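Here's a quick briefing to read alongside the model. Have the viewer open and follow along.

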Amino acid sequence: MAPTSTTDTQTVSSLKRLVSLLEEENAQLQCKMVKKPVQSLTHEGRAVRRLVTLVEPVVDLVAEYDRRQIQAAEQQVSSNSEPILPTTEQQYTYRAYEKLVQWCPSIRKLVGLAAEADTAGLDVALACTELQKGADGARGDDCATLKTAVAQWLNESRPPPDPPFNSREKYGRGFNHDLTGKLLCPVDYNWADADVRTAIKEYHPDFRVTADSWPSFLYADGEYDPNNPAKGLFKGKYLVMTFRCIFTSPSSAQHELGSGDTARRTQPLKATRRSRQHVARLLKMNTVQPRAIAYVATQLRFALSSCPSWTTVDEDFNHEEFYHNIVDYFELPSSARKALEVNELLLWWNRNVFGRENIAHYRPQRTESLSVSLSKKA
């Protein structure tokens, strides 16, 4: 019996060790299962400020979707009730929600699950929190990058600014400096006029700086034609540089406008080391998005200003209104002619940002009108 007892004891000890090991492995696996979705959601959230909405909390976007679902269900029950039209703010929020589920697909799945299970609502709330972390983190990173980059670009301009810009401090920017003042000046005012400059600096009520006027930096060479207000709009040099700096790479920001790999190469490309993916690729943004342009314009406006930290309202200038004005220009053209202009403007942007890289995405061929397709039908 003694050997058997010893054997049983050893077996029990071995089983205990095995159970202990399995429990440890299980705990590690559960830890990974928790961390991976959270990290993934935080990463997805970095698209929110850049491609979805400038300031609205993620939870508010989902809440607007829920509000509409509940309202639609109530109207089905009460068929005699008149439809309640959404406010302008609710329309903006819902349009942002539609972009949210496009660029953050995880939230679409969770919202669908929440409709089927009561406990999934908690998952949606946690997801919104993680997406929010990613969103605010990305905006903070972009603010920090541009604070230094914009100062460098301006200091390299010719003639050089006097005094030069400090890359660490912003008190010398905005309307405190002639160069940044000129770039920020509304195109409805003439910055070259000394009286106008004084009026802006002294907050004269007839020369307020608000989101109702386009700032000069949005225009090519800062030139505004009152007879053709759209001419050169959203083609400003520093605007494109800022877009490239955020979405492709800081080094690509220095490329000349119109150099988007449009000319065919006469020499074969040499093999180069594989570089890390840029932000646009990580976000799976294959074409220039209107909301990305609006975000970049707002970031540049903030970088040029003397405002020390991010704020939605800078004196009389409301960054959120500015953002919405740009988004509406692209997404809600006032006529068929304006829609064509917007399409051509986006083509110009894509050629200057992506060049040939994503041409199949931003201008796909109409193969049905080409010779291969036509010959098959003949």
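The notes below go from the overall fold to the core, a pocket and the salt bridges.

Keep in mind that this is a predicted model. The protein chain holds 15 helices and two strands, and 39% of its 378 residues are buried. If you look at contacts between residues at least 6 apart in sequence, 66% of them join residues at least 24 apart.

**Nonpolar core**

- The largest nonpolar core counts 82 residues. Leu 100, Ile 107, Leu 218, Phe 234, Phe 243 and Trp 349 are the ones with the most contacts inside this core.
- Helix α6 (residues 120–155) supplies the largest share of the core, with eleven residues.

**Helix α9**

- Ten of the eleven residues of α9 are buried, so the rest of the structure largely encloses this helix.
- The buried set runs through Tyr 238, Leu 239, Val 240, Met 241, Thr 242, Phe 243, Arg 244, Cys 245, Ile 246 and Phe 247.

**Second largest pocket**

- The second largest pocket has a volume of about 700 Å³.
- Two elements give two or more residues to the lining of this pocket, namely α7 (178–184) and α9 (237–247). The largest share, four residues, is from α7.
- There are 30 lining residues, and Lys 182, Leu 183, Ser 216, Asp 221 and Gly 222 lie nearest the centre of the pocket.
- By type, the lining splits into 17 nonpolar, six polar and seven charged residues.

- The model has 14 salt bridges in total. Side chains of opposite charge can pair when their charged atoms come close.
- Glu 130 pairs with Lys 133, with the closest N and O atoms 3.3 Å apart. Why can these two meet along the helix? Glu 130 and Lys 133 are three residues apart in helix α6, which puts about one helical turn between them.
- An α-helix has 3.6 residues a turn, so residues three or four places apart point the same way.
- Glu 130 counts as buried, at 13% relative accessibility.
- Arg 139 and Asp 136 also form a salt bridge, at 3.9 Å from N to O. They too sit three residues apart in helix α6, separated by about one helical turn.
- Arg 139 is buried at 14% relative accessibility, whereas Asp 136 is partly exposed at 33%.

**Salt bridge between helices**

- What does the Glu 331 and Arg 291 pair tie together? The side chains of Glu 331 and Arg 291 meet at 2.8 Å, N to O. Glu 331 belongs to helix α12 (residues 319–331) and Arg 291 to helix α11 (residues 290–304), so the bridge ties together parts that are 40 residues apart in sequence.
- Arg 291 is buried, with a relative accessible area of 4%, while Glu 331 is partly exposed at 25%.
- Through shared partners, salt bridges join Arg 95, Arg 291, Asp 328 and Glu 331 into one network.

Conventions
Residues are numbered from 1 along each chain as its sequence is written. This is a predicted model: local features need pLDDT of at least 70, side-chain atom pairs count only at pLDDT 80 or more; totals for chains, interfaces and linings use all residues. Side-chain values use heavy atoms; hydrogens and water are left out. On a 1 Å grid over the protein atoms alone, a cavity is a set of points where a 1.4 Å probe fits but cannot get out, and a pocket is an open set with protein on both sides within 12 Å along at least five of seven lines; lining residues have an atom within 4 Å of a point. Grid points are joined across faces, edges and corners, and a volume is the space filled by probe spheres set on the points. Ala, Val, Leu, Ile, Met, Phe, Trp, Tyr, Cys and Pro count as nonpolar, Asp, Glu, Lys and Arg as charged, and the others, Gly among them, as polar. A nonpolar core is a set of buried Ala, Val, Leu, Ile, Met, Phe, Trp, Tyr and Cys residues joined through side-chain atoms within 4.5 Å. Buried means under 20% relative accessible area, exposed over 50%, partly exposed in between (1.4 Å probe, protein chains only). A salt bridge is a side-chain nitrogen of Lys or Arg within 4 Å of a carboxyl oxygen of Asp or Glu. Contact means heavy atoms within 4.5 Å.
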